[in-house]
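Trainee: Could you take me through a close look at the cavity in this one? I'd like to know what lines it, and then how the other chain is put together.

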Amino acid sequence: MDYNKRKKLNQASAFWIFRIMSLAVIAILFWILGFIIVNGFQAISWDFLTKMPEDGMTKGGIYPAIIGTLCLTAGSMIFAFPIGVLSGIYLNEYAGKGWIVRFIRMMTNNLGSIPSIVFGLFGMSLFVNTLDFGDSIIAGSLTLGLLALPVVIRTTEEALKQIDNSYRTGSLALGATKLQTIVKVVLPMAFPNIITGLILSVGRVSGETAPIMFTAVAYFLPMLPSSIFDQVMALPYHLYVISTSGTDIEASRTMAYGTAFVLIMIVLILNLIANALRRYFSNKVKTN
Amino acid sequence: MRKKMFRGKKYFIEALWEGLLKISGSVTSIIIILIVLFLFSEGMGIFKKKVVEDGYVIAVNKNNPVKDLSPEQIKNIFDVKIVSWKELGVNINEDEITLLRLDDIPNYFPEDQIAEDMSNLPQIISQILKEHPGMIAFIPEDFAKKGFSEKVLDLGNINLKEFFGGKEWFPTAQPAPQFGVIPIVMGTLWVSLGAILIALPFGIAVAIYSAELASKKVHKILKPVIELLAGIPSVVYGFFGLIVIVPLIQKVFNLDVGETGLAGSIVLAIMALPTIITIAEDALRSTPRAMKEASLALGANKWQTILKVTIPYSISGITAGVVLGIGRAIGETMAVLMVTGNAAVIPHTLLEPVRTIPATIAAELGEAPKGGAHYEALFVLGCILFIITLIINLVVEYISSKNKNKVA
């Protein structure tokens with residue numbers, strides 16, 4: 001009886017510890033989100049989003065940084081999305097199981113876990129110096145694209161894996177070629193999952209600082225970029241600069257809160273969209 | 001006939017498509033190879049650089065028997081920490097070391113006799129050195145060429161031993177920059193280790209809770225929370241750490257500065273949590289139901305089953321998650337850069353400012369002139385990071401391949 005009691009007590013205490021620790025993790029997230037949203041919300045105004053920074057970045061807005069981040073993110077996706085999706089299709093549909101695939105998958109995994117600052121070094125060495133793009137949108141976009149590539153590949157692969165093989169064999173049995181099967185049957189079915197993955201990787205890319213630090217961004221630019229070979233400001237770097245090395249750190253605090261708020265909002269909204277899409281498409285499949 | 005042509009065209013498109021896919025598939029491998037090529041070719045340049053700052057030389061009196069000085073010794077001499085030749089094991093009649101930089105020349109030689117284009121400086125410096133046998137001069141290369149009669153020290157290149165065994169990182173020191181990576185590597189290890197020690201209990205607790213205990217409803221809340229934690233940009237974590245955690249640590253431990261290794265560890269722990277949780281949870285979930293049910297049927301309760309069946313079964317997956325978490329912590333740049341205080345000293349406790357490899361690169365690359373020794377040293381740091389992540393990946397691969405064998 002005593003043993004049974006202890007058994008029960010052990011279980012209860014262990015489970016309570018797990019519950020409390022899980023709650024703590026959720027609390028930490030809400031603490032971070034709450035802290036930035038509450039403080040940042042006060043800084044947000046129409047002017048903040050659409051004006052240039054003024055007075056050594058202690059006043060004004062963050063318009064050029066928003067535009068810069070938009071350019072860099074879009075640029076990186078233009079590069080990473082097609083190559084990533086094609087690469088994912090190759091790995092899942094064509095490559096089979098030989099050592100080549102194993103090698104490529106290993107390389108993709110490796111690329112995915114390389115620290116972002118190493119991408120920054122590489123981008124600087126290859127795009128900025130060797131190819132002589134200088135600090136520019138194109139150099140930054142390509143560097144960010146490299147970072148996003150493994151994510152896109154993995155998402156595509158996962159999405160394709162979920163498509164039941166009977167659809168492929170069915171299509172092939174009806175006389176369609178492999179290409180037709182993929183384009184007309186497999187891809188449309190995998191599309192929702194690919195898109196959700198893509199949206200999440202956009203969120204990831206838009207918040208990256210280290211890769212663009214030495215390839216694209218400027219400390220302060222009072223104008224918008226006019227070509228892809230121009231330098232830009234970017235939200236994450238802007239936040240880093242005004243919270244650590246601005247001309248007057250205390251005075252630019254509100255600006256910093258506001259910038260952090262915008263960054264968090266981008267991630268939050270993209271996550272919400274991705275989740276909503278996931279739910280929408282899964283319901284649709286069910287009703288079908 | 002037309003049908004045949006149609007087939008040919010179809011076949012052609014099919015082949016073209018396959019080729020395109022193959023090319024795309026190989027892009028990641030090509031990028032990795034390029035990264036290795038560029039990182040290492042830029043980084044290895046440093047071992048061809050002279051110990052003394054580019055364009056300068058160290059010169060002494062002709063009769064001075066000194067042959068070789070390490071970068072550390074040179075720095076100490078010019079910081080007046082080493083003041084006599086005896087300390088360097090050199091016997092010379094004038095034992096005290098005097099320093100001669102270009103600015104010091106007027107102290108030894110009437111200024112008005114120096115030619116306007118400084119063409120007679122080699123002779124002047126030679127003369128000063130001749131008069132002062134214990135003197136050591138740090139002068140531009142050009143003045144040690146034509147007309148210079150004293151001894152220019154051949155100090156050789158920066159070598160691997162000094163780089164990987166050096167205890168001082170002071171890349172802008174004159175006349176000899178110090179590239180010792182030990183304090184930076186130690187800083188990285190300390191901060192990451194601290195982060196994992198904090199993140200591990202939380203990560204595993206949440207993973208177990210989420211995989212075994214949580215109802216569907218709770219799971220529905222927990223999963224997006226973890227996803228969001230993973231999605232928040234590192235610079236926002238850094239900002240949060242800077243404004244909330246750093247002052248907190250300063251207050252709690254009553255320190256002069258709150259920017260410490262501990263602040264870095266805490267922020268990194270939060271950032272490493274999602275990695276650990278997701279992978280550990282997947283591993284826990286992969287435990288066959290039959291095994292758990294067998295344990296329950298034998299009278300074990302849920303906790304005993306988790307402890308004795310589920311965890312041992314999924315331990316390799318959990319380890320993989322932890323190792324990947326460490327990898328994330330080691331490579332994280334911005335958050336660490338903002339909260340650890342960035343002092344390149346070997347840390348003794350987590351309550352001191354430390355500096356990590358990624359933070360060093362991020363903080364200094366902007367100021368390092370392209371192609372100089374400092375610039376190349378930062379690329380070597382990048383190589384070190386790259387190799388660390390490669391090792392971590394291999395370890396994870398090994399662990400999960402072992403896991404597969406077990407299942408089979």
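Mentor: Start with the residues around the largest cavity: A:Thr69, A:Leu72, A:Thr73, A:Leu144, A:Val205, A:Ser206, A:Glu208, A:Ile212, A:Ala234 and A:Pro236 form its lining. Bear in mind that this is a predicted model. Sorted by class, that lining has six nonpolar residues, three polar ones and one charged one. Two helices of chain A, H3 (63–94) and H8 (178–206), each supply at least two of the lining residues. H3(A) gives the most, with three. As for volume, the largest cavity comes to about 40 Å³. The count of cavities of 30 Å³ or more is one. If you wonder how such a space is found at all, rolling a probe the size of a water molecule over the atoms shows where empty space is left.

S3(B) is mostly covered, with six of its six residues buried. On one hand, strand S1 (residues 56–60) of chain B is joined to S3(B) by five bridges, and the two run antiparallel. Within that pairing, B:Ile58 has B:Phe138 as its bridge partner. On the other hand, strand S2 (residues 98–100) of chain B is joined to S3(B) by three bridges, and this pair runs parallel. Here B:Leu100 stands opposite B:Ala137. While you have the strands on screen, remember that in a regular strand the side chains alternate between the two faces of the sheet.

The strands also turn up in what covers helix H4 (residues 121–131) of chain B. The buried residues of H4(B) are B:Leu121, B:Pro122, B:Ile124, B:Ile125, B:Ser126, B:Ile128 and B:Leu129. What covers them includes S1, S2, helix H3 (105–108) and S3 of chain B. When you go through that list, keep the helix geometry in mind: an α-helix has 3.6 residues a turn, so residues three or four places apart point the same way.

For a last stop, pick out B:Ile315, in helix H11 (residues 302–331) of chain B. To place B:Ile315 in the chain, take B:Gly19, which is 296 residues away along the sequence. The C-alpha atoms of B:Ile315 and B:Gly19 are separated by 42 Å.

Note on methods: Residues numbered from 1 in each chain as written. Chains lettered and ligands numbered in written order. Predicted model: local features only at pLDDT ≥ 70, side-chain atom pairs only at ≥ 80, totals over all residues. Heavy atoms only, no water. Buried < 20%, exposed > 50% of the residue type's maximum accessible area, 1.4 Å probe, protein only. Helix = DSSP H or I, 4+ residues; strand = E, 2+ residues; numbered from the N terminus. Pairing = 2+ DSSP bridges. 1 Å grid on protein atoms, 1.4 Å probe; cavity = no way out; pocket = protein on both sides within 12 Å on 5 of 7 lines; lining within 4 Å. Points joined across faces, edges and corners; volume = space filled by probe spheres on them. Nonpolar A, V, L, I, M, F, W, Y, C, P; charged D, E, K, R; others polar. Contact = heavy atoms within 4.5 Å.
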